Amino acid sequence: MQLQLQTWAAVEACVKRSQGIIIPIGSTEQHGPNGLIGTDAICAEVIAKGVGEATDALVAPTIAVGMAQHHLGFAGSMTLRPSTLIAVLQDTIASLAKHGFRRFFFINGHGGNIATVTAAFSEIYAAASLAPSGNNPDIKCRLKNWWNTAGVYKLSKELYGDQEGSHATPSEVSLTWFAHPEAAMPMTLDPPVAPKGGFTDADDYRRNFPDGRIGSNPGLASTAAGKRFYDVAVSEIAAEYKEWVASS
Ligand SMILES: [Zn+2]
């Protein structure tokens, strides 16, 4: 159930039934020659909607711009500074907490968000711990990277082996094509597998990885594989969400 497609009265009824809510968070950044700028937001959103349907949970609007300064050497990429993203997360959680939500389950599509989202959780817990009333109301947050489940890992190994890489991966590109089949761009890449390595800022990234990929071959992506990633990720993350909300 998408929050945006409910009325306020429906949300009021919903939060009486469950205090959990799912929040997709992604990024708006280059994803190589045939990957969409919105890849990380699209992946997080499609999985979150699937998990919301499977668990009868509300899904908040996607936070579609994340921490992606290192991608700014490529047209279309956008970033929030870490401090801005922390503020966005604080206000998002505070708004929803005001209505009674207490368990915030973030489904993340972008590795570059992890440090900042984790820092935002620490800010939220620190504010709660320092308040005279303690963590009251009792707020808990969890970050789940959609690609970080046993089934997704196994499937990406089986389909792509070492050509999965770490940015503009065939797994994520496949998942976006499943979500938006009209945007599929099958092509043979040169070189097929992108270079690997590290980077610091946006200029350094572009120098080291001229077409935007890192270690990946998204020439192997397909809409059919995207459906398989969707099915396995939704089923595993739905189970994790239900267990977490029930036990936390
Ligand atoms: Zn990505």
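## Zinc site

Both D40 and E172 are buried, where buried means under 20% relative accessible area, exposed over 50% and partly exposed in between, with a 1.4 Å probe and protein chains only. The model is predicted: local features need pLDDT of at least 70, side-chain atom pairs count only at pLDDT 80 or more, and totals for chains, interfaces and linings use all residues. Residues are numbered from 1 along each chain as its sequence is written, and side-chain values use heavy atoms, with hydrogens and water left out.

The zinc ion has H31 (NE2), D40 (OD) and E172 (OE) as its protein donors, at 1.9 to 2.3 Å. Donors are N, O and S atoms within 2.8 Å of the metal (3.2 Å for Na, K and Ca); water is not among the atoms, so sites may look incomplete. The spacing of the donor residues in sequence is H-x8-D-x131-E. D40 in helix α2 (residues 39–55) and E172 in helix α6 (residues 170–179) are 132 residues apart, and the pair links distant parts of the chain. Helices (H or I, at least four residues) and strands (E, at least two) are DSSP runs, numbered from the N terminus.

## Helix α6

Eight of the ten residues of α6 are buried, so this helix is largely enclosed by the rest of the structure. The buried residues are P170, S171, E172, V173, S174, L175, T176 and W177. They pack against α2, α5 (150–160) and α8, contact meaning heavy atoms within 4.5 Å.

## Packing of α2 on α8

The axes of α2 and helix α8 (residues 223–247) come within 9 Å and cross at roughly 55°. Axes are lines fitted to C-alpha atoms, for helices over the stretch in contact, and angles run from 0 to 180 degrees between N-to-C directions. The crossing of α2 past α8 is right-handed, which applies if the near helix is turned clockwise from the far one by less than a right angle, and left-handed if anticlockwise.

On the α2 side the contact uses V46, I47, G50, V51, A54 and T55, which meet Y230, A233, V234, I237, A238, Y241 and K242 in α8. These residues divide into ten nonpolar, two polar and one charged. Ala, Val, Leu, Ile, Met, Phe, Trp, Tyr, Cys and Pro count as nonpolar, Asp, Glu, Lys and Arg as charged, and the others, Gly among them, as polar.

## Packing of α5 on α8

The axes of α5 and α8 are 8 Å apart, at an angle of about 160°. The two helices are therefore roughly antiparallel to each other. From α5, the contact is made by A150, G151, V152, L155, S156, E158, L159 and Y160, and from α8 by A225, R228, F229, V232, A233 and E236. This contact of α5 with α8 divides into nine nonpolar, two polar and three charged residues.

## Backbone exceptions

Most residues other than glycine have a negative phi, and most peptide bonds are trans. A cis bond joins N136 and P137, with omega about 10°; P137 sits in the loop between α4 (114–130) and β4 (140–145). The bond from D190 to P191 is also cis, with omega near -5°, and P191 lies in the loop between α6 and α7 (202–208).

D56, not a glycine, has a positive phi of about 60°. D56 is in the loop between α2 and β2 (58–59) and counts as partly exposed at 45% relative accessibility. A168, likewise not a glycine, has a positive phi of about 55°. A168 is in the loop between α5 and α6 and is buried, with a relative accessible area of 0%.

Key: Angles under 35 degrees count as roughly parallel, over 145 as roughly antiparallel, 65 to 115 as roughly perpendicular and the rest as oblique.
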